[in-house]
Amino acid sequence: MKIIAEMGEYAMLMFQAFKRPDKGRVFRRQLMMDFQDLGANSIGIVAIISVFTGAIIAMQTAYNMDNPLLSLKLVGFSTRQMMILEFSPTIISLILAGKVGSSIASEIGTMRVTEQIDALKVMGINPANYLILPKITASVIYNPLLIIFSMFLGIGGGWLACIVTGLVPSSVYIEGIQSWYDPFTITYALIKTVVFAFIISSISGFKGYTVSGGSVEVGRNSTQAVVYSSILIIIFDLILTQLLLV
Amino acid sequence: MIEVKNISKSFGGQQVLNGIETTFEKGKTNLIIGQSGSGKTVLMKCCIGLFDIDEGEINFDGRGFSGLGEKKKKDIRKEMGVLFQGGALFDSFNVEENVMFPLNMFTKMSLEEKRERVNDVLNRVNLPNAHKKLPSELSGGMIKRVAIARAISLRPQYLFCDEPNSGLDPKTAEVIDELISNLTEQFNMTTVINTHDMNSVLQIGQKISYLYKGNLWWEGSNTEIMHTDNEELNDFVFSTELTRRLKVKR
């Protein structure tokens, strides 16, 4: 029953959040701040994780290919496919659920317990729209860019690993990443990313907005935001894969 | 003038306000006093529309507020200024941006006009050089003053203050009281203050409403409160040695 009540509350909050902003100029300003906070500030962690993930995939694939009948260019091919299909959109989104999700929930939750949301409301401003919509918009626009960036870095990381370890010649790896390419895999990855970005920002916004109590509850709701977002990302990963690929 | 007509409010079956009927007068500082849990914060939150009332009516200068939808409430809310207990300043904005926020949202003033208004209200609260400071760099008294500046930046007709003196030393509390009282007079606002600070009651309580267990128990001025024979009110107001001595002296 509690889950159904929460789903109802979430739907009502989203209905409030997706209303037309009171002032376009103020909305754009908030959006720019959120691009910076939620997007640009995540570039570093995305870059580090993508390069290392790509490198590890390439090395593990090469290590497991001891059959002389298998071409070494499969290392490049596998790295590309894994990065595009799963690691960049899903794993990076899970990492962003931790970083961005907890940041959104704790920021909005603190505003709730310090009466800043009440202050917005009594000023006649729709707080859900003012606080949550720019964050959802920023995430939905910026996350696909981060994921494309992650794909390039991951594939590049694999190439670096091959050169440094000497497991696969550079030309063979590059030939591998150019083989059997299906552009739809990028579309599939970006569709997933947009859905995951919406899940992260809206669930975290909801958990922050509905905090009641003090700092303990802010921490608890931030944790819940990350857990709920992560579980929903995995569930929707399965659903979207079934719908789009299988 | 704000008319509160027979309002009741309960939470989960527990009656918090019981048929409250009073008037908050224009140009006066109207104080709501009472023990913790007496319902004064709930009454104020009902007045500003943060809680929906179960029964009754709240009118702002004859305009019904309680039954209105969010869109229509918004028009009356633009005429309200609210000072929250902790100030409720926006952490990511500096003082100037906090005070300018309502002007950005609800006026078509030019940047120059907005800056002029911000300077004016910051001067009124004696913070002429705090524009670029962040809320985290301000003392408790300064936060309250910035919050007052933000609350009056749109020249409201109604000012609500929730425990404006909580957490402040007596001297700073007196400054805040005087500030609110002066602004009420200057702008001819209907000011409603929720407090349990007896200094405020005696200093600026032009009209005092005493709540006891969710009921309106007594109403009068700061002069009348010194001579009341209401037992519960006397127990509350003269509960400290200092106030008891004060009463005997008078």
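What percentage of the 250 residues of chain B count as buried? In this predicted model, the share of buried residues in chain B is 42%. The overall dimensions of the chain can be described alongside this value. The C-alpha trace of chain B spans about 55 × 45 × 30 Å along its principal axes. Its radius of gyration is 18 Å, which agrees with the value near 18 Å that a compact globule of 250 residues would have. Among contacts in chain B with a separation of 6 or more, 66% involve residues 24 or more positions apart. The secondary structure of this chain consists of nine helices and 10 strands.

One sheet of chain B is open and contains four strands, in the order E2-E1-E4-E5, with antiparallel pairing. The edge positions are taken by E2 and strand E5 (63-64) of chain B; each has a single partner strand, so one side of each is left without a neighbour in the sheet. Strand E1 (residues 2-11) of chain B runs antiparallel to strand E2 (residues 14-24) of chain B, and seven bridges join the two. E1(B) and E2(B) form a hairpin with two residues between them. In the turn of this hairpin, Gly12(B) has a positive phi of about 50 degrees. E1(B) also pairs with strand E4 (residues 55-60) of chain B, in the antiparallel sense and over five bridges. Val4(B) illustrates both pairings: its bridge partner in E2(B) is Thr22(B), while in E4(B) it stands opposite Ile58(B). E4(B) is in turn joined to E5(B) by two bridges, the strands running antiparallel, and here Phe60(B) stands opposite Arg63(B). Helix H1 (residues 40-47) of chain B lies across E1, E2 and E4 of chain B and runs at about 120 degrees to E1(B).

A further open sheet of chain B is built from six strands in the order E6-E7-E8-E3-E9-E10, and its pairing is mixed. At its edges stand E6 and strand E10 (215-220) of chain B, each with a single partner strand, so one side of each is left without a neighbour in the sheet. On average, neighbouring strands of this sheet are turned by 20 degrees against each other, direction ignored. A parallel pairing is provided by strand E3 (residues 29-34) and strand E8 (residues 190-194) of chain B, which are linked over four bridges. Within this pair, Ile32(B) stands opposite Asn194(B) in E8(B). Helix H5 (residues 140-152) of chain B lies across E6 and strand E7 (158-162) of chain B, and its direction is at about 170 degrees to E6(B).

The contact between the chains takes 15 residues from chain B and 13 residues from chain A. On the side of chain B that touches chain A, helix H2 (70-77), strand E6 (80-83) and helix H3 (95-106) of chain B each supply at least two residues. The largest share of this side, three residues, comes from H3(B). By class, the residues of chain B on this side comprise nine nonpolar, three polar and three charged.

Within chain A, helix H1 (residues 2-17) and helix H6 (residues 127-165) pack at an angle of about 90 degrees, with their axes 7 Å apart. This angle makes H1(A) roughly perpendicular to H6(A). H1(A) contributes Leu13(A), Gln16(A) and Ala17(A) to the contact, and H6(A) contributes Ala128(A), Asn129(A), Ile132(A) and Leu133(A). The contact of H1(A) with H6(A) has five nonpolar, two polar and no charged residues.

Val51(A) lies in helix H3 (residues 43-64) of chain A. When residues up to four places away in sequence are not counted, Val51(A) touches Leu153(A), Gly156(A) and Gly157(A). Val51(A) and Met151(A) are 100 residues apart in sequence, and their C-alpha atoms are 9.0 Å apart in space.

Terms used. Residues are numbered from 1 along each chain as its sequence is written. Chains are lettered from A and ligands numbered from 1 in the order in which they are written. This is a predicted model: local features need pLDDT of at least 70, side-chain atom pairs count only at pLDDT 80 or more; totals for chains, interfaces and linings use all residues. Axes are lines fitted to C-alpha atoms, for helices over the stretch in contact, and angles run from 0 to 180 degrees between N-to-C directions. Angles under 35 degrees count as roughly parallel, over 145 as roughly antiparallel, 65 to 115 as roughly perpendicular and the rest as oblique. Two residues are in contact if their C-beta atoms, placed from the backbone, lie within 7 Å. Ala, Val, Leu, Ile, Met, Phe, Trp, Tyr, Cys and Pro count as nonpolar, Asp, Glu, Lys and Arg as charged, and the others, Gly among them, as polar. The radius of gyration is taken over C-alpha atoms; the globule rule is 2.2 Å times the number of residues to the power 0.38. A residue is buried if 20 or more other C-beta atoms lie within 10 Å of its own, exposed if 12 or fewer, and partly exposed in between; C-beta atoms are placed from the backbone. Two strands pair if DSSP finds at least two bridges between them.
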